[in-house]
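Biologist: I would like to learn how to read the features of a model like this one, step by step. Could we begin with the overall make-up and then move to the details?

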Amino acid sequence: MMISVGNIEKSYGEVKALRGVSLEVKEGELFGLIGPDGAGKTSLIRILVTLLKPDVGSATVNELDVVKDFRKLRNQIGYMPGRFSLYPDLTVEENMTFFATVFGTTIEENYHLVKDIYQQIEPFKERLAGRLSGGMKQKLALSCALIHAPKVLVLDEPTTGVDAVSRKEFWEMLKRLQKMGITILVSTPYMDEANLCDRVALIQDGKILTIDTPEKVTQSFGHKLWAIRSDNMYLCIRHLREHSESDSVFAFGEYLHVTWKDQDMQADEMEKYLSDLGHTNVEVKRTEPGIEDVFMDLMQKHDN
Ligand SMILES: Nc1ncnc2c1ncn2[C@@H]1O[C@H](COP(=O)(O)OP(=O)(O)OP(=O)(O)O)[C@@H](O)[C@H]1O
């Protein structure tokens with residue numbers, strides 16, 4: 001195992017950020033840590049990159065203990081924090097040189113690793129990092145995290161606040177790095193990014209809800225799922241929730257995602273129920289669950 005986390009707990013005063021988290025990441029894997037703000041992703045990541053000590057439990061990265069072997073470990077991990085750790089008043093090139101020097105290497109020595117990414121920002125190498133666009137900052141931060149040729153790359157919400165095109169490009173870069181043999185752990189609040197990972201852990205309120213391939217996670221959804229809408233979505237939610245047979249009702253884009261206690265519930269029954277309550281343009285159709293649906297479902301189970 002490249003990363004092994006055993007029953008880690010971490011509190012900040014009264015706030016329990018991690019409540020017994022265990023997971024394993026295999027060598028060469030692209031592993032996603034998926035969860036909403038405050039789920040505990042940053043705490044777990046900071047423990048893995050040796051910047052924070054767990055209260056309980058232990059973790060190893062490449063067989064090195066994150067507490068005892070932290071010095072050795074830092075050379076093996078590339079870390080891209082959520083808020084880019086760039087120096088805004090240094091130029092692009094100076095930032096790269098700085099990070100290379102800290103790790104006792106040079107840009108030239110590991111240029112092959114960052115070439116693809118760095119070439120895109122090299123035309124601006126004299127520019128101050130603080131004056132780069134979001135997408136370019138992200139590329140520079142990734143280049144800086146890679147310059148010492150780490151075995152493992154850990155990225156904390158690298159695509160938060162980045163536009164859709166840059167997000168896509170960023171994931172393509174991660175895939176290329178994975179092909180070069182780097183193990184990658186990436187956290188994200190965007191559920192649609194789950195499908196780009198080999199395996200994901202869904203995390204909520206300091207607990208792991210499930211760990212599996214994205215396909216298996218969505219297959220685990222054990223209900224028939226319906227997409228429903230009408231002209232009055234606000235009332236539509238209320239009326240469906242009031243139905244004694246409805247199980248879960250969530251707004252999801254322009255439809256509501258609905259499950260029923262009775263799996264044999266028919267579309268025309270649902271349509272009639274809403275029409276009788278005065279709804280117009282009622283639409284009811286079957287739909288396939290996504291990661292979001294599984295997340296909602298697991299969260300409900302854990303709350304109960
Ligand atoms: N230094 C701190 N002092 C007190 N509470 C903290 C501290 N750091 C994090 N927390 C709390 O611990 C919980 C987990 O935070 P964490 O940052 O690990 O979650 P996250 O999933 O990374 O979310 P985010 O995307 O907001 O960073 C949250 O409730 C957060 O408010």
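Biologist: How many helices and strands are there in the protein chain?

Modeller: Please keep in mind that this is a predicted model. The protein chain has 10 helices and 14 strands, and its C-alpha trace spans about 70 × 45 × 35 Å along the principal axes.

Biologist: Which domains does the domain assignment of the protein chain give?

Modeller: The assignment gives domain 1 (3-213) and domain 2 (226-288), and the C-alpha centres of domain 1 and domain 2 lie 41 Å apart.

Biologist: In which sense do strand β1 and strand β2 pair?

Modeller: Strand β1 (residues 3-12) and strand β2 (residues 15-25) pair in the antiparallel sense, over eight bridges, with Ile 3 standing opposite Val 25 in β2. The two strands form a hairpin with two residues between them, and in the turn Gly 13 has a positive phi of about 60 degrees.

Biologist: What is the order of the strands in the open sheet of four strands?

Modeller: The order is β12-β13-β11-β14, with antiparallel pairing. Because β12 (246-252) and β14 (283-286) stand at the edges, each with a single partner strand, one side of each is left without a neighbour in the sheet. Neighbouring strands of this sheet are turned against each other by 25 degrees on average, direction ignored.

Biologist: Over how many bridges do strand β11 and β14 pair?

Modeller: Strand β11 (residues 226-229) and β14 pair over four bridges, and the bridge partner of Arg 229 in β14 is Glu 283.

Biologist: Which strands does helix α8 lie across?

Modeller: Helix α8 (residues 233-242) lies across β11, β12 and β13 (255-260), and runs at about 165 degrees to β12.

Notes
Residues are numbered from 1 along each chain as its sequence is written. This is a predicted model: local features need pLDDT of at least 70, side-chain atom pairs count only at pLDDT 80 or more; totals for chains, interfaces and linings use all residues. Domain bounds come from an automatic or database domain assignment. Two strands pair if DSSP finds at least two bridges between them. Axes are lines fitted to C-alpha atoms, for helices over the stretch in contact, and angles run from 0 to 180 degrees between N-to-C directions. Two residues are in contact if their C-beta atoms, placed from the backbone, lie within 7 Å.
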